[in-house]
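This briefing goes through selected features of one protein model, grouped by topic. Please keep the sequence and the structure in view while reading.

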Amino acid sequence: MTPASASPSWGSHSTPPLASVTAPPSHQCPQDSPGLRIGPLIPEQDYERLEDCDPEGSQDSPIHGEEQQPLLHIPEGLRGSWHHIQNLDSFFTKISFVLGLQGGERPLMPQACSLTLGHIYSYHQRNGFACILLEDVFQLGIRSSPLLVFLLVLAAGFWLVQLLRSLCNLFSYWDIQVFYREALHIAPEELNSVPWAEVQSRLLALQRSGGLCVQPRPLTELDVHHRILRYTNYQVALANKGLLPARCPLPWGGSATFLSRGLALNVDLLLFRGPFSLFRGGWELPHAYKRSDQRGALAARWGRTVLLLAALNLALSPLVLAWQVLHAFYSHVELLRREPGALGARRWSRLARLQLRHFNELPHELRARLARAYRPATSFLRTAAPPAPLRALLARQLVFFAGALFAALLVLTVYDEDVLAVEHVLTAMTALGVTATVARSFIPEEQCQGRAPQLLLQTALAHMHYLPEEPCPSGRDRAYRQMAQLLQYRAVSLLEELLSPLLTPLFLLFWFRPRALEIIDFFHHFTVDVAGVGDICSFALMDVKRHGHPQWLSAGQTEASLSQRAEDGKTELSLMRFSLAHPLWQPPGHSSKFLGHLRGRVQQDAAAWGATSARSPPTPGVLSNCTSPLVSPKSGLPFCPHPPTPPQTLPL
């Protein structure tokens with residue numbers, strides 16, 4: 001079942017385009033940071049509401065009187081009918097989240113079951129000495145040690161919170177499974193194979209039949225993504241404009257980025273879901289933020305909120321630090337027992353998941369794309385690593401001596417079990433094993449030597465689509481440092497989370513508070529109201545006329561000023577990805593022209609490539625250059641991590 005062709009969710013604007021009212025650079029506010037890329041402020045620009053569904057201006061706009069009225073979803077009490085959903089944002093998010101658990105992975109059920117009392121009981125049965133030790137602790141030290149009481153209460157609270165959270169996820173998962181089975185007619189065993197496009201098609205068909213909610217017009221594929229990713233698109237745009245993540249200048253040059261889980265939670269509370277945030281957990285930005293005459297007062301109030309939140313973080317930092325230690329202990333002990341070298345493995349950082357994300361890209365789509373880029377990216381890091389023969393020599397010697405001592409102790413324990421009873425023998429064996437594993441990670445792998453780093457980087461960029469630039473003397477060192485920042489060691493990520501309670505208040509005070517006016521202006525300039533959806537980020541519309549970049553085949557089709565352009569071609573790449581994933585979706589006029597121009601350019605490049613392919617066949621899955629990108633067989637659209645015009649080569 002596929003959705004019928006629907007008109008896009010935007011159209012004629014109620015105010016002039018942003019470029020026509022852009023203030024000259026001389027009118028820039030003195031509070032602007034010269035390093036930011038959002039450009040001059042536009043005080044005379046008005047907030048926009050996009051009512052018309054047809055980009056050419058049809059007559060299907062909401063009737064007069066509904067313009068300022070919120071959408072009311074009144075429940076009727078029949079849960080099985082799925083009529084009149086109260087919160088479509090949350091409902092669509094749960095649907096996409098459950099579908100994203102593909103490939104046989106179902107973490108909600110095991111997460112809930114792993115924390116049940118039966119599991120804890122069986123664990124203590126297997127480890128009876130732990131029960132005896134806990135009983136001794138209660139009898140001997142609990143009355144005379146307030147610190148021990150505090151740690152035990154904190155551990156119990158941690159376990160209880162995780163249990164309640166898992167139970168809520170379990171009930172939510174069960175509820176959505178019932179919806180999949182009864183409303184969408186998708187059996188639970190089919191969730192592993194059904195694509196998101198099919199689910200969305202049935203969801204839109206159900207909504208058109210009046211089975212979900214009352215809307216002034218039918219929902220489109222883009223409307224569903226706007227509801228699921230309402231706040232996420234704002235975060236991606238903030239990162240694209242340089243306001244996220246937090247940065248700290250280094251004494252030896254350059255800067256270090258910081259975006260821990262705790263800082264991300266504080267940003268979410270400040271901007272979206274907190275009681276004093278901009279959105280306050282809803283779908284509408286208050287009208288005060290849509291007026292330019294109150295920007296100074298709103299920025300001052302938001303700065304005071306940041307100050308209070310930073311003070312609260314600082315006051316609770318000891319408790320949060322203890323919580324982080326417990327979380328790290330519970331999360332990594334079992335992993336280290338099974339894989340002692342897990343801390344030396346790389347994984348995509350939170351910064352990578354923010355900077356490499358397209359607009360309107362669902363979490364499971366991002367995970368799949370980064371999973372395809374993981375192997376060539378890690379191979380590039382191992383191949384392009386700066387040569388360090390002395391470090392490799394020391395690592396080999398350390399592995400040899402640690403392995404020899406570990407083998408000697410292991411032979412002694414096999415010969416006589418009483419050796420384990422000697423004090424610190426078990427600790428020494430564990431330390432030697434960890435030391436050998438960590439040292440082995442500094443030894444270059446032989447299978448990676450001799451491979452071209454440029455080809456590996458191009459293969460990774462074919463799936464990453466972005467590689468944010470950062471000034472560096474050498475091109476290869478620049479690419480290596482950028483990739484190493486995106487693919488982070490697990491140990492570095494763990495250290496950031498442990499230091500987060502101490503660093504989060506500092507970044508709130510010295511990064512976000514001085515930029516209060518810029519953040520308020522960002523939400524004022526880049527927020528639009530789409531009828532039937534609510535307030536969303538204007539970058540999420542993927543309109544090349546509003547936010548396109550001339551270097552990405554948007555020349556002559558975009559009216560965006562320097563402050564309104566999306567950096568790194570994010571508007572164009574997001575539009576290409578979304579049109580490939582949703583072929584029935586109809587983009588607005590200027591974006592449709594851009595896609596048509598791009599298809600023509602790709603056909604020309606394909607014809608030129610076909611004429612020379614017999615003489616120099618390309619490497620499968622590798623971008624040879626920016627004029628011959630990877631092409632989708634269905635639509636002929638490319639995915640190139642650099643602008644198609646003018647051609648550029650990788651900095652290697």
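I186 lies in the loop between helix 5 (146-182) and helix 6 (196-208), where helices (H or I, at least four residues) and strands (E, at least two) are DSSP runs numbered from the N terminus. The model is predicted, so that local features need pLDDT of at least 70 and side-chain atom pairs count only at pLDDT 80 or more, while totals for chains, interfaces and linings use all residues. Residues are numbered from 1 along each chain as its sequence is written, and side-chain values use heavy atoms, with hydrogens and water left out.

- I186 is buried, with a relative accessible area of 1%; buried means under 20% relative accessible area, exposed over 50% and partly exposed in between, with a 1.4 Å probe and protein chains only.
- Leaving aside residues up to four places away in sequence, I186 touches Y180, R181, L191, V194, V199 and R202, a contact being heavy atoms within 4.5 Å.
- I186 and V199, which are 13 residues apart in sequence, are 8.5 Å apart in space from C-alpha to C-alpha.

**Aromatic pairs and charges over rings**

- The count comes to 17 aromatic pairs, by a rule in which rings of Phe, Tyr and Trp (its six-membered ring) pair if their centres lie within 6.5 Å, with planes under 30 degrees apart counted as stacked, over 60 as edge-to-face and the rest as tilted.
- F91 and F92 form a tilted pair, at 6.2 Å centre to centre and with 50° between the planes; F91 counts as buried at 8% relative accessibility, and F92 counts as buried at 1%.
- F359 and F539 form a stacked pair, at 5.9 Å centre to centre and with 15° between the planes.
- Because F359 lies in the loop between helix 12 (350-355) and helix 13 (363-383) and F539 in the loop between strand 7 (534-537) and helix 20 (544-547), this pair ties together parts that are 180 residues apart in sequence.
- F359 is buried with a relative accessible area of 0%, and F539 counts as buried at 1% relative accessibility.
- Ring pairs link F359 and F539 into a cluster that also includes Y231, Y234, F272, F279, F522, F523 and F526.
- K570 lies over the face of F359, at 6.0 Å from the ring centre, and the charged end of R515 sits over the ring of W511, 3.6 Å from its centre; a charge sits over a ring if NZ of Lys or CZ of Arg is within 6 Å of the ring centre and within 35 degrees of the ring normal.

**Nonpolar cores**

- The largest nonpolar core has 79 residues, and those with the most contacts inside it are W302, W348, M464, F512 and F523; such a core is a set of buried Ala, Val, Leu, Ile, Met, Phe, Trp, Tyr and Cys residues joined through side-chain atoms within 4.5 Å.
- Apart from it lies another core, of 28 residues, among them F91, L184, L212 and L229.

- Strand 2 (residues 246-249) and strand 3 (residues 255-258) run antiparallel and are joined by four bridges, where two strands pair if DSSP finds at least two bridges between them.
- R247 stands opposite T257 in strand 3, and in the turn of the hairpin, which has five residues between the two strands, G253 has a positive phi of about 105°.
- In helix 14, A392, A395, V399, A402 and T413 are buried, and what covers the buried residues of this helix includes helix 15 (425-440).
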